[in-house]
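Hello,

I am passing on the structure we spoke about. Please look through it alongside the notes that follow.

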Amino acid sequence: MDGLQDQSQHERFIIKYRDGSKSARNEQSLQAALNQASRGMLAKSAAPAFSLKKSRRLATGAELISASRGLDTMDAQNLMVELAKNGDVEYVEIDRLMGIALTPNDTRYAEQWHYKTSAVGANVASAWDKNTGAGVVVAVVDSGKLSHSDLNANLLAGYDFVASTTTGNGGSGDGNGRDSDPTDAANVKHGNHVAGTIAAVTNNSAGVAGVAFSAKVVPIRVLGNGGYGATSDIADGIIWASGGTVSGVPANANPAEVINLSLGGAGSCSATYQNAVTTATNNGSIVVVASGNSNMNVSGFTPANCTNAIAVAASDLNGNRAWYSNYGTGIHITAPGGETCSPSVEFLALGESTTGKCTQNHASNGVLSTTTSGTYEFYQGTSMASPHVAGIVALIQSVSATPKTVAQIKTLLSSTARPITSAKCPGGCGPGLIDANAAVTAAQGGGGGGSTQTYTNGTDVNITDNSTVNSTIVVSGRSGNASATSSVAVDIRHTYQGDLVVDLIAPDGTVYNLHNRTGASTDNIITTYSRNLSSEVLNGTWTLRVKDQGAGDVGYINSFSLTF
């Protein structure tokens, strides 16, 4: 049973009865079953009365049934549980309303493999039907901005924090130090590429799409000549991005819910970086950081190794960890970063390949985004992976009733990620490859765990004398814990209840007893149990275990359902 999260009112359901059963063969028997289910639901609810009737039979053999009024999510859930108690029911589900999938008309969108619904893409395209990031501000703390027709409309006022006027690495290039103009005077183009991944103007029949294309970007310049920047400037930029105060700098009119840092270097998390990240976190910003491009453990690279930062590793077109990407237990999520060059190619300080130097691999294996003056280029690096995550976090915050904390974001990204095997990711890629659609879907329900959903296993499992058998349900794509009012609906056909011990086993192995050899010679256990499962993580394998501890009677598990 599913689909409850998609509509606020539910009037139509699809139910499949076993072929040859009375309800499948006879209209009167079907109506009697529907009446029994509606009465059972109303007995548990103060909701107004309603009736159910068959509308038509689908080509699949299932029945489309209609309620005389709309049911809210809880009543629809309870009705589905009642319908499923009938032993002849194979499945029951909402007659869901489906929408048109958004496919942007941007002329180079087809080249953005890193967004696609595939084993190697970030599954951003599917998420766009739910949200596109409206109302969220993302700060790009980077090399600043360059005018670009596919980006300008989504940029807000930023600031140039590069204080040094030297002509060497890290210098401003514009000769005037800090000011309100975040233009990339050194023409590094890195900040534009990152910003375009997050929020390029989309569906405008030109160029590329952005992950959160309805969000706005605040460009903050902290990197100067050569793509280098001073810790002092970067720290001030982080704090200012979050709405914090920086001496001598006007207040940020658009504090960011998300801050992207596609920068870093070797070393431990210094007090300066940690204080900046902590301040930004306390101000309500989620700080997303590239893990680094040294093919080493992220624990030795800052600010990715700072507490409360979300460290991002990079994957390639084949779903492997990109050869350059840092790795380790400190990685919180992996996202597409691409591979355009082999290890022998010369690199910029930030770890992206130098334009024109990539001859070993196909340039199109990289991440395509905006650069300057209406042009687009394929870059590679964890700097390209990080803005994918920042954009997806923007989508998550946009659908959340209240902004999620960094801990909640980490849990949500982890619980919805697609695992990457150790063979594909030597050293470790955290929980795996980011899945935008799964993350946004989980976030839509609020409170971490998403909206209430029902899961059913309707496959028969035979129960023989003195045996133990299991029926399992795998829950995935959710976040957080189950509810304190979870329900377990069981349909066990057995001619002697007193033989049976019935337990629910949570993914962590915790056992919740449902039935313990009571009922003597009463036939069958067809009922719903309520249990407090709030200490249990939703995702994982849930098991209904049935032990037959007596001789002479046998049966089978007909079905069981979990609602939480």
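**Notes on the structure**

N123 sits in the loop between β4 (89-94) and α4 (124-127). This is a predicted model, and in it N123 has a positive phi of about 55° although it is not a glycine. Most residues other than glycine have a negative phi, and most peptide bonds are trans. P303 belongs to the loop between β11 (301-302) and β12.

**Domains**

The domain assignment divides the chain into domain 1 (10-94), domain 2 (109-444) and domain 3 (454-563).

**The seven-stranded sheet**

Seven strands make an open sheet with parallel pairing, in the order β6-β7-β5-β8-β10-β12-β13. β6 (159-160) and β13 (333-336) are at the edges with a single partner strand each, so one side of each has no neighbour in the sheet. The partner of β6 is strand β7 (residues 216-221); the two run parallel and are joined by two bridges. Y159 has I220 in β7 as its bridge partner.

Helix α6 (residues 231-241) packs on this sheet and touches β5 (137-142), β6, β7 and β8 (258-261). The direction of α6 makes about 155° with that of β7. Another helix, α9 (residues 406-416), lies across β10 (286-290), β12 (310-315) and β13. The angle between α9 and β12 is about 25°.

**Where domain 2 meets domain 3**

How far apart are the C-alpha centres of domain 2 and domain 3? They lie 46 Å apart. The contact between the two involves six residues of domain 2 and five residues of domain 3. Together the two domains bury about 320 Å², with 52% of that area on carbon and sulfur atoms. Between domain 2 and domain 3 there are zero salt bridges, and one residue pair is in polar contact, both at pLDDT 80 or more.

Which elements give two or more residues to the side of domain 2 that touches domain 3? They are α9 and α10 (436-444). Of the contributions to that side, the one from α9 is the most, with four residues.

**The four-stranded sheet**

A further open sheet has four strands in the order β18-β23-β20-β21, with antiparallel pairing. Its edge strands, β18 (468-475) and β21 (511-516), each pair on one side only. From one strand to the next, the twist averages 15°. Eight bridges link β18 to strand β23 (residues 540-548) in the antiparallel sense. Within that pair, T468 stands opposite K547 in β23.

Regards

How values were computed
Residues numbered from 1 in each chain as written. Predicted model: local features only at pLDDT ≥ 70, side-chain atom pairs only at ≥ 80, totals over all residues. Heavy atoms only, no water. Pairing = 2+ DSSP bridges. Contact = heavy atoms within 4.5 Å. Axes fitted to C-alpha atoms, helices over the stretch in contact; angles between N-to-C directions. Domains from an automatic or database assignment. Buried area = accessible area lost by both parts, 1.4 Å probe. Salt bridge = Lys/Arg side-chain N within 4 Å of Asp/Glu carboxyl O. Polar contact = N/O pair within 3.5 Å; in protein donor to acceptor, adjacent residues only side chain to side chain.
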